[in-house]
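The entries follow in the order of the search.

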Amino acid sequence: ATGDGYRNVLNGVYKQMANSSMYGQELSWGMLDVMGQLYRTGGFHSSSAYYKIATGYNYDDKDAKAKIQEIWSQAYNSIANCNSILSKIDGMDSTAFRGLNNEKLLIKGEALALRAFLHFDLLRLFAPAPIVNDAQTHIPYFTTYPSTFEPDRSVKEVLELVIKDLEEARSLV
C-alpha cells in the first residue's frame, strides 16, 4: 500500500536472487562453472556430490535433478514477485512514494528489467542457442500475476518478450 512496501518487495527479489541456489553460488561460480569444466573435480567432497555429477552432464541423477529444480523454482518465484509488483504499481498514486512518480517509474522499470533478465537466463540454461533456430518450445514467459500456467515458448518468442520488457524498462528508468 506504500512506496516502502514496493521497495521492500523489490529488495526481496534482489535478496532471493543472491541466495546460494541462484547468483549467490550456483549461477555464478557453482554448478554452471562446474558444467563449464572450470574446476578440477577431484577436490569435490560428499556435500557437493551433484558437482561431480554435473561434470558428466548426468541431468537424470536425483541430486542433479534436485539442484536444477531448485534453480528453476527460485528463478520463477523471483519472476512471480516481479509480476506481483507490476500487477499493482500502475494503480498506485505517485504520492505514496517518497520520490513521487520518478520512484514509482524506477521501481516498475527495475521489476520489468529483472523479469526480462531472469527469463533470459532461464532461456540460456534450458534452451538451445538462438543460432540453432529450432521451432520447438522450451520455457514459459510469465507476464501476469497470479499465474500458474503459461505455455512454453520458442527461443525467438522468449527473446522478443525479453527485448520488449527491456525497452519498456529503459523508458521508465
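**Entry 1: salt bridges**

I found lysine 108 in a salt bridge with glutamate 168, with 3.8 Å between the closest N and O atoms; the term requires a side-chain nitrogen of Lys or Arg within 4 Å of a carboxyl oxygen of Asp or Glu. Lysine 108 lies in helix H5 and glutamate 168 in helix H6 (residues 155–172), so this pair ties together parts 60 residues apart in sequence. Helices here are DSSP runs of H or I with at least four residues, numbered from the N terminus. The model is predicted: local features need pLDDT of at least 70, side-chain atom pairs count only at pLDDT 80 or more, and totals for chains, interfaces and linings use all residues. Residues are numbered from 1 along each chain as its sequence is written, and side-chain values use heavy atoms, with hydrogens and water left out.

I then checked accessibility (buried under 20% relative accessible area, exposed over 50%, partly exposed in between; 1.4 Å probe, protein chains only). Lysine 108 counts as buried at 13%, whereas glutamate 168 is partly exposed at 32%.

I noted a further salt bridge between the side chains of arginine 115 and aspartate 165, at 2.7 Å from N to O. Arginine 115 is in helix H5 and aspartate 165 in helix H6, 50 residues apart. Arginine 115 is buried at 6%, and aspartate 165 is buried at 3%.

**Entry 2: network and total**

I recorded one network in which salt bridges with shared partners join Asp4, Arg7, Arg98 and Glu103. The count comes to eleven salt bridges.

Note on methods:
Helices (H or I, at least four residues) and strands (E, at least two) are DSSP runs, numbered from the N terminus.
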